[in-house]
Amino acid sequence: MENKFSGKFIVLDGPDGCGKSTQCALLGQWLAQNGVDIEIFRDPGGTAIGEKIRQILLNPEHIAMSTATEVLLYMAARVQLWAEKIAPALKENKSVILDRWLSSTCAYQGHAGGFGMEKIIKIATDSLEKPWPDLTIILDVDLETGANRLSSQPDRIEAKPREYHQKVREGFLELAKGRESFVVVDATGDIETVHKKVIEVVEKI
Ligand code: TMP
């Protein structure tokens, strides 16, 4: 069925433990119930190449990895995901939901890692056909709430110090400022409360 949610590229992003994977699944169900053909992917991941890059990025043994290497690997996985999965799905007028995207590289590597958001945006603009989604929802949580929702086995990025994660949160909020396609949602509530807020935002798309 053709409707106003078809062919949209929607990203849910935010600090670790913000609940975006759960919210992506719930948003996907809601859109499907509303007659939209959808695809959900995680970034990094979603392709055979991207999942391998994800393993390299998140392996806690890779402590030697520089921020610039992180930037390029996250971007490489994303470019592959775009070419192999997202672009074809959008072409078929499906809606695509992404669990993280360029906004994460801006907040983590750009702001918290000190690489610089503008440099990252430049690399993305040069390598992606559509760097910015139609809608990016930032699920904002404080450090304590986020940490309590994480598993006891942190990956390489989750294991970074508290100050890093504080900057990640600041980075997301800074990136959202003044960007029309970004909406910040308070994600400290329970799953159903946050889901309702996400739907309210998507309905205005
Ligand atoms: P996930 O577990 O939420 O899928 O994300 C994997 C980890 O990678 C998470 O700690 C956030 C981090 N990350 C970055 O540092 N930069 C990025 O560009 C992306 C997409 C994720």
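Pro44 lies in the loop that runs between strand 2 (38–42) and helix 2. In this predicted model, the peptide bond leading from Asp43 into Pro44 is cis, and its omega is near 0°. A further backbone feature occurs at Asn93, whose phi is near 65°, a positive value in a residue other than glycine. Asn93 belongs to the loop between helix 3 and strand 3 (95–99).

The crossing in which helix 2 passes helix 3 is left-handed. On the side of helix 2, the contact is formed by Ile49, Gly50, Ile53, Ile56, Leu57 and Leu58; these residues meet Glu70, Leu73, Tyr74, Ala76, Ala77 and Gln80 of helix 3. Sorted by class, the contact of helix 2 with helix 3 comprises 9 nonpolar, 2 polar and 1 charged residues.

Helix 3 also packs against helix 5 (residues 117–127); the axes of this pair come within 11 Å and cross at roughly 30°. Because angles under 35 degrees count as roughly parallel, helix 3 is roughly parallel to helix 5. Helix 3 passes helix 5 with right-handed geometry. Helix 3 contributes Val71, Leu72, Met75 and Val79 to this contact, and helix 5 contributes Ile120, Ile123, Ala124 and Ser127. The residues in the contact of helix 3 with helix 5 divide into 7 nonpolar and 1 polar, with no charged residues.

The crossing of helix 4 and helix 7 is right-handed. From helix 4, the contact takes in Ser103, Ser104, Cys106, Ala107, Tyr108, Gln109, His111 and Ala112, while helix 7 supplies Tyr164, Lys167, Val168, Glu170, Gly171, Phe172, Glu174 and Leu175. The class composition of the contact of helix 4 with helix 7 is 8 nonpolar, 5 polar and 3 charged residues.

The largest pocket has a volume of about 500 Å³. Its lining is made up of 26 residues, of which Asp16, Lys20, Arg54, Arg100 and Glu158 are the closest to the centre of the pocket. At least two lining residues come from each of helix 1 (20–33), helix 2 (48–58), helix 3 (67–91) and helix 4 (102–112). Helix 4 gives the most to the lining of the largest pocket, with 4 residues. The lining of the largest pocket holds 11 charged residues, together with 8 nonpolar and 7 polar ones.

The second largest pocket has a volume of about 230 Å³. It is lined by 14 residues, and those closest to its centre are Leu143, Gly146, Ala147, Leu150 and His165. Helix 6 (143–148) and helix 7 (162–176) each provide at least two residues of this lining. The most is given by helix 6, with 4 residues of the lining of the second largest pocket. By class, the lining of the second largest pocket has 6 nonpolar and 6 charged residues, with 2 polar residues besides.

Terms used: Residues are numbered from 1 along each chain as its sequence is written. This is a predicted model: local features need pLDDT of at least 70, side-chain atom pairs count only at pLDDT 80 or more; totals for chains, interfaces and linings use all residues. Side-chain values use heavy atoms; hydrogens and water are left out. On a 1 Å grid over the protein atoms alone, a cavity is a set of points where a 1.4 Å probe fits but cannot get out, and a pocket is an open set with protein on both sides within 12 Å along at least five of seven lines; lining residues have an atom within 4 Å of a point. Grid points are joined across faces, edges and corners, and a volume is the space filled by probe spheres set on the points. Ala, Val, Leu, Ile, Met, Phe, Trp, Tyr, Cys and Pro count as nonpolar, Asp, Glu, Lys and Arg as charged, and the others, Gly among them, as polar. Axes are lines fitted to C-alpha atoms, for helices over the stretch in contact, and angles run from 0 to 180 degrees between N-to-C directions. Angles under 35 degrees count as roughly parallel, over 145 as roughly antiparallel, 65 to 115 as roughly perpendicular and the rest as oblique. A crossing is left-handed if the near helix is turned anticlockwise from the far one by less than a right angle, and right-handed if clockwise. Contact means heavy atoms within 4.5 Å.
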